[in-house]
Amino acid sequence: MAHRTLRLSISPEDLPDVRRVIDFDGRATLADVHAQIAAAYGLDPKQLHAFFTSGRFWDKQSAYLDPRAEGRGTDKALLFRLNLAVGKSLAYLLDFTHEQHFLVTVVAITDVAQPL
């Protein structure tokens, strides 16, 4: 049985040339992506966060929110169920008060024999 792997490029919105590229298992959640972004950039993982699959910040229709907030939770959003495609960008927001903006772009989607 093949397992899906997604390679994501993550960069601060105002510094697009500063990027981290991280591979995720398709069964990972957006909460897992949040944790890896926080680790990669030395950010506080306890801050509230949100992802917007439309790529537009504060787009209510495409929002997945921190599990402590009201709405669709990032902890339930499995990557393989989000209809992501290569080239698709998501907006990632950390800290609802001071708003740190990041862009998450799907670089590759691969089927592998063993899950990550």
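Trainee: Which strand does Pro-12 lie in?

Mentor: Pro-12 lies in strand E1. Keep in mind that we're looking at a predicted model.

Trainee: Why is Pro-12 called buried?

Mentor: Buried means under 20% relative accessible area. Pro-12 has 10% relative accessibility, so it counts as buried.

Trainee: What does Pro-12 touch, leaving out residues up to four places away in sequence?

Mentor: Pro-12 touches Val-18, Tyr-41, His-101 and Phe-102. Take His-101: it sits 89 residues from Pro-12 in sequence, and yet the two C-alpha atoms are 6.0 Å apart in space.

Trainee: How much of the contact in the chain comes from residues 24 or more positions apart?

Mentor: Such pairs account for 54% of the contacts with a separation of 6 or more.

Trainee: Okay, zooming out. How many helices and strands does the protein chain have?

Mentor: One helix and six strands. Going along the sequence, you'd read β-β-α-β-β-β-β.

Trainee: Let's do salt bridges. How do you know that Asp-23 and Arg-7 form one?

Mentor: The cut-off is a side-chain nitrogen of Lys or Arg within 4 Å of a carboxyl oxygen of Asp or Glu. The closest N and O atoms of Asp-23 and Arg-7 are 2.7 Å apart, so the pair meets the definition. This pair links distant parts of the chain: Asp-23 is in strand E2 (residues 20-25), Arg-7 is in strand E1 (residues 3-12), and they are 16 residues apart.

Trainee: What about the salt bridge of Arg-68 and Asp-66: what is its N to O distance?

Mentor: Their side chains meet at 2.8 Å, N to O. Exposed means over 50% and buried means under 20%, so each label follows from its value.

Trainee: And how do you know that Lys-76 and Asp-75 form a salt bridge?

Mentor: Their closest N and O atoms are 3.8 Å apart. The cut-off is within 4 Å, so they count. Lys-76 is exposed at 66%, while Asp-75 is partly exposed at 34%. In total, the structure holds five salt bridges.

Trainee: Where is Ser-62, and is it buried or exposed?

Mentor: Ser-62 is in the loop between strand E3 (49-52) and strand E4 (63-65). Ser-62 has a relative accessible area of 7%, so it's buried. Beyond residues up to four places away in sequence, Ser-62 touches Phe-51, Phe-52, Thr-53, Ser-54 and Arg-72.

Trainee: What makes the phi of Trp-58 worth a look?

Mentor: Most residues other than glycine have a negative phi. Trp-58 is not a glycine, and its phi is positive, near 65°. Trp-58 is found in the loop between E3 and E4, and it's partly exposed at 42%.

Trainee: What is the phi of Glu-99, and where is that residue?

Mentor: Glu-99 has a positive phi of about 40°, although it is not a glycine. Its place is in the loop between strand E5 (89-94) and strand E6 (100-112). At 32% relative accessibility, Glu-99 counts as partly exposed.

Trainee: Last one, the cavity. Which residues line the largest cavity?

Mentor: Leu-8, Leu-30, Val-33, Leu-79, Leu-84, Leu-90 and Val-104.

How values were computed. Residues are numbered from 1 along each chain as its sequence is written. This is a predicted model: local features need pLDDT of at least 70, side-chain atom pairs count only at pLDDT 80 or more; totals for chains, interfaces and linings use all residues. Side-chain values use heavy atoms; hydrogens and water are left out. On a 1 Å grid over the protein atoms alone, a cavity is a set of points where a 1.4 Å probe fits but cannot get out, and a pocket is an open set with protein on both sides within 12 Å along at least five of seven lines; lining residues have an atom within 4 Å of a point. Helices (H or I, at least four residues) and strands (E, at least two) are DSSP runs, numbered from the N terminus. Buried means under 20% relative accessible area, exposed over 50%, partly exposed in between (1.4 Å probe, protein chains only). Contact means heavy atoms within 4.5 Å.
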